[in-house]
Amino acid sequence: MTIHGIGVDLLFVPRMVGLVRRRGTDKLASRILSPSERIVFRRDLVEHATSMDAATRFLGVRWAVKEAAYKALYPLRPTWKELTYTTFDPQTGSKPVLVFHPNSDVTMSNQRPKLHVSVSHDGEYIFAHVVAEDGV
């Protein structure tokens, strides 16, 4: 395994709360979520009338993960929607997954990099760590 890069991000949740208040939940979600993340967001949070806290945390996790991915993938510059994060699934036991779906042909060695992700929450902070492995 050849490491292309490592990225980390620390998000102060009150910062995301302010962003959600200024931009609105739907507008922010449509800006930063991939199409499949949008489906999960609508299904699990919007339609089931979960708290604004849960929606803000959902968006915050994706924000932190994608910021960490940008750092790990540099000099590649993915868009928000080219990265899709899937959280831990307690039913299957599958670990969190981050996938890069480039809209262009410009990738390392013409192969899509494999991403490894870890996220931690503690109070008002979300920490994301991403390792980018050269194309596999």
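## Two salt bridges

D9 and K71 pair up in a salt bridge, with their closest N and O atoms 3.3 Å apart (a salt bridge means a side-chain nitrogen of Lys or Arg within 4 Å of a carboxyl oxygen of Asp or Glu). This pair ties together distant parts of the chain: D9 sits in strand β1 and K71 in helix α4 (residues 52–73), 62 residues apart. D9 counts as buried because its relative accessibility is 12%, while K71, at 44%, is partly exposed. Here buried means under 20% relative accessible area, exposed means over 50%, and partly exposed is in between (1.4 Å probe, protein chains only).

The count of salt bridges comes to two. In the other one, K66 meets E37, and the closest N and O atoms are 2.6 Å apart. That bridge also links distant parts of the chain, with K66 in helix α4 and E37 in helix α3 (residues 35–46), 29 residues apart. Both K66 and E37 are buried.

## What you're looking at

This is a predicted model, where local features need pLDDT of at least 70 and side-chain atom pairs count only at pLDDT 80 or more, though totals for chains, interfaces and linings use all residues. Residues are numbered from 1 along each chain as its sequence is written, and side-chain values use heavy atoms, leaving out hydrogens and water.

The chain has four helices and five strands, and from the N terminus on they run β-α-α-α-α-β-β-β-β. Helices (H or I, at least four residues) and strands (E, at least two) are DSSP runs, numbered from the N terminus. Of the 136 residues in the chain, 40% are buried.

## A nonpolar patch

M1, I3, I6, V8, L10, F12, Y125 and F127 make a nonpolar surface patch of about 790 Å². Areas come from the Shrake-Rupley method with a 1.4 Å probe, and for residues only the protein chains shown count as cover. Patch residues have over 30% relative accessible area and no salt bridge; like charges are joined within 9 Å, and nonpolar side chains (Val, Leu, Ile, Met, Phe, Trp, Tyr) within 5 Å.

Strand β1 (3–12) and strand β5 (125–133) each supply at least two residues, and β1 has the largest share, with five.

## A positive patch

R15, R22, R23, K27 and R31 form a positive surface patch. Lys and Arg count as positive and Asp and Glu as negative, with His and the chain ends not counted; each charge is placed at NZ of Lys, CZ of Arg, CG of Asp or CD of Glu.

Helix α1 gives the most to this patch, with three residues. K27 belongs to helix α2, and its 58% relative accessibility makes K27 exposed.
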